[in-house]
Amino acid sequence: MDVVEHNRNAWNDEALEDCRWCIPYGPNIIAEARTGQWAVYLTPNRPVPRDWFPNDLTGKKVLCLASGGGQQAPLLAAVGAEVTSFDNAEQQLERDRQVAEREGLTLETIRGDMADLSVLADETFDLIINVTSNVFAPDLHPIWRECYRVLKPGGSLMVGMVNPFYFLFDQEEGEETGEFVAKYPIPYSDIEHMPKDRLEKAIADNDVLEFSHTLDDQIGGQLEAGFLIAGFFEDDWDEESTLLNKFGCMFINTRAIKPEW
Ligand SMILES: C[S@@+](CC[C@H](N)C(=O)[O-])C[C@H]1O[C@@H](n2cnc3c(N)ncnc32)[C@H](O)[C@@H]1O
């Protein structure tokens, strides 16, 4: 199956159903951003440290990659950046456009698969932010290569990702029993490892399909593409989202730099 196309349709549905990741920022958050009070979240709870960003974002070219939904892209435009939002789901981009229109902000939106940024020229961006989304992509290596290509030398890539350990466990069973027993190998993929009846139902229900990846693909892959890792922190979730939360941090954030040499 074409999992990228499946996930595109699934994310369009998620947006139409106003899922948690698809609720646009309201006027207050944008108004505060205009006065210099802002924070970018790539994972649920801990914001990206402010010193991961340049002091002044005015005129900086920022690519919000697979980060549609009317949040980070219009926020960074309100701070003064020249923002391009690149996402595979039309409905997520529509939310970016709605906020931009409501707030009188300029924002470019492009629909496409984050593994193929060929519509974007080499060395275009000062900064790329990638809100937790590579869990929906089957292969990370083309994404890291494309990010490296479209960044200017000295530019940076900030990525939120799911810690692969989340996928060791059957979440449905864990939520039912309160016990998490390691069951799946890493790298895990819904397509390969989910029980067949559940996978068929997930496909029929147009649910998003996920891939754990490995830390080697996540962090090693960025290094292999030529980046230097310059920042790292973990983030947790909440018990409402997964009881696994009490056992450890589910999310990782990295800051990678494209060296100037
Ligand atoms: C968890 S949402 C993150 C965005 C949101 N702004 C937030 O704050 O949570 C994941 C996003 O990744 C996008 N996405 C999934 N697969 C993609 C792909 N292959 N290429 C580009 N975007 C993709 C989805 O459409 C969705 O907007």
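Predicted model: local features only at pLDDT ≥ 70, side-chain atom pairs only at ≥ 80, totals over all residues.

**Overall shape**
- Along the principal axes, the C-alpha atoms of the protein chain fill a box of roughly 50 × 40 × 35 Å.
- The radius of gyration of the protein chain is 18 Å, which agrees with the value near 18 Å for a compact globule because that is what 261 residues would give.
- Among contacts in the protein chain with a separation of 6 or more, 69% are between residues 24 or more positions apart.

**Around the ligand**
- The ligand has 21 residues around it, and those that come nearest are Trp11, Trp21, Ala66, Ala89 and Ser133.
- Sorted by class, this shell holds nine nonpolar, ten polar and two charged residues.
- Helix α1 (residues 3–16) gives the largest share of the shell, with three residues.

**A pair of packed helices**
- Two packed helices are described by the angle between their axes and the distance between the axes.
- For helix α2 (residues 27–34) and helix α3 (residues 72–79), the angle is about 35° and the axes are 7 Å apart.
- The crossing of α2 and α3 is right-handed.
- On the α2 side, Ile29, Ile30, Ala33 and Arg34 take part, and they meet Pro74, Leu75, Ala78 and Val79 of α3.
- That contact of α2 with α3 has seven nonpolar residues, one charged residue and no polar ones.

Technical notes
Residues numbered from 1 in each chain as written. Rg over C-alpha atoms; globule rule 2.2 N^0.38 Å. Contact = placed C-beta atoms within 7 Å. Near = placed C-beta within 6 Å. Helix = DSSP H or I, 4+ residues; strand = E, 2+ residues; numbered from the N terminus. Nonpolar A, V, L, I, M, F, W, Y, C, P; charged D, E, K, R; others polar. Axes fitted to C-alpha atoms, helices over the stretch in contact; angles between N-to-C directions. Left-handed = near helix turned anticlockwise from the far one by under 90°.
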